[in-house]
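Please read them with the structure open.

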Amino acid sequence: MLSYFRTHLAGRVFLSYVVVVLVGIIVLATATSLSIPAAYDRHMSGMSTMMSGGNMPLAPAPATGADNAQEMEVELFASYQTSVSEALALAAGAALIAAVLASLLISRQVVGPVQKMMLASHRIAEGEYAERIAVPGIVHSNQLDELDQLALSFNQMADKLEKTELMRRQLLGDVSHELRTPLTAIKGYMEGLMDGVISASPETYQQVFTEADRLQRLVNDLQELSRVEACAFSLDLKPVSINNLIETVASHLGRQFDEKGVHLQMKLDDNLPELAADPDRILQVLTNLIGNALQYTQPGGNIYIHTTRNQNEVVITVTDTGIGIAPDQLPNIYKRFYRADKSRSRTSGGSGIGLTIAQALVKAHRGRIWAESPGEGKGSSFHFTLPLEA
Ligand code: ADP
């Protein structure tokens, strides 16, 4: 019961009212009991002076004993009434002051944290994202009332805002960096052509075209990335055969495999049931993984695609005998714009976004994606799973 008053704002507000009323009553009672005797004495002594004849006007007519007693009783009552009213007025004043002070103190306890939050939110709005507020419940005890919980939620919100702002700045930096490279190349070719330093040969036009093509792919990738990161896409789930999708991608990339001299081998489980997936999105994931395998495998190398069932999911594996990935780089390859070998990937046109998108798409299907590699120069394997139940 007591803990309710400590941990609930409503309890604390109720308690504060009770405290204010109690303080008022105590001060009123104390002040009254202290001031009544003094006031009474003062009025009684005033009355006795009057009666002893000092200030008493000379009575024209002789008064009887009964009249005197009645007059005295009236005077006594009037005196008593005045002294009680005086004492009450004094006590009420004191109680009012005490109640105001108690209310100020208590309301400051309730309003104080809210004001702190308001100031902190203003500072965050002005761009100071590191702003946080203290949570007294955590510091003093481990019991959190509503205000402490509000402060905690406020700090969590500030954390998220700070991270989002950091990501936004990083993204802007990355995007401008990525755009600068092909733009600088195009500008260089154009300046060379205008100055006559570079000849207007088909190769020059081809190089300008390649850079423009890279820009276009980058812009497309960025558009796709913003869509998947904001979860602004819907999955059009239908029954699909994963083996058919793999064969589609393999036949699309067939000419590139032949041109590069890379061998493709497939070992697909014929007994796999159909699964509920968005075929276009899964084609996108497969194209990225098989395309990467082809890109990072030297001529004469091999790529193996393997499908198998593991309990309630299908596991798809793309293994290559290519350049491999160093163990310390494995956790980073899903980060946007990450390239294990920056110069090589950039010249081969990779933007470092493909795996970020693939990971988001696999997660949207409630699957998992991971990579393994024995090390640089030793090839790599990319696996992803898709659940079998709808
Ligand atoms: P990119 O467009 O640069 O290939 P990805 O997001 O698809 O971007 O891949 C990120 C990085 O992961 C690549 O730049 C590369 O360094 C590494 N990577 C991806 N696939 C492979 C692979 N099969 N073999 C070796 N490295 C790979």
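1. E211, leaving aside its neighbours within four places in sequence, is in contact with P182, A185, I186 and Y189. The model is a predicted one, and these contacts should be read as such. E211 is found in helix α6, which covers residues 202-229. E211 counts as buried because its relative accessibility is 12%, and the cut-off for buried is under 20%.

2. Helix α7 (residues 242-260) packs against helix α8 (residues 279-295) at an angle of about 35 degrees, and the two axes lie 9 Å apart. The crossing of α7 past α8 is right-handed.

3. On the α7 side, the residues that meet α8 are I242, L245, I246, T248, V249, L253, Q256, F257 and K260. Their counterparts in α8 are P279, I282, L283, L286, T287, I290, G291, L294 and Q295. Sorted by class, this contact has 12 nonpolar, five polar and one charged residues.

4. The largest nonpolar core has 48 residues, and I242, L286, I333 and F384 are those with the most contacts inside it. Helix α8 gives the largest share of this core, seven residues. Domain 2 (146-229) and domain 3 (238-387) each supply at least three residues to this core.

5. I242 touches L272, I282, L286, T307, V314, I316 and L386, with residues up to four places away in sequence not counted.

Methods
Residues are numbered from 1 along each chain as its sequence is written. This is a predicted model: local features need pLDDT of at least 70, side-chain atom pairs count only at pLDDT 80 or more; totals for chains, interfaces and linings use all residues. Side-chain values use heavy atoms; hydrogens and water are left out. Axes are lines fitted to C-alpha atoms, for helices over the stretch in contact, and angles run from 0 to 180 degrees between N-to-C directions. Helices (H or I, at least four residues) and strands (E, at least two) are DSSP runs, numbered from the N terminus. A crossing is left-handed if the near helix is turned anticlockwise from the far one by less than a right angle, and right-handed if clockwise. Contact means heavy atoms within 4.5 Å. Ala, Val, Leu, Ile, Met, Phe, Trp, Tyr, Cys and Pro count as nonpolar, Asp, Glu, Lys and Arg as charged, and the others, Gly among them, as polar. A nonpolar core is a set of buried Ala, Val, Leu, Ile, Met, Phe, Trp, Tyr and Cys residues joined through side-chain atoms within 4.5 Å. Buried means under 20% relative accessible area, exposed over 50%, partly exposed in between (1.4 Å probe, protein chains only). Domain bounds come from an automatic or database domain assignment.
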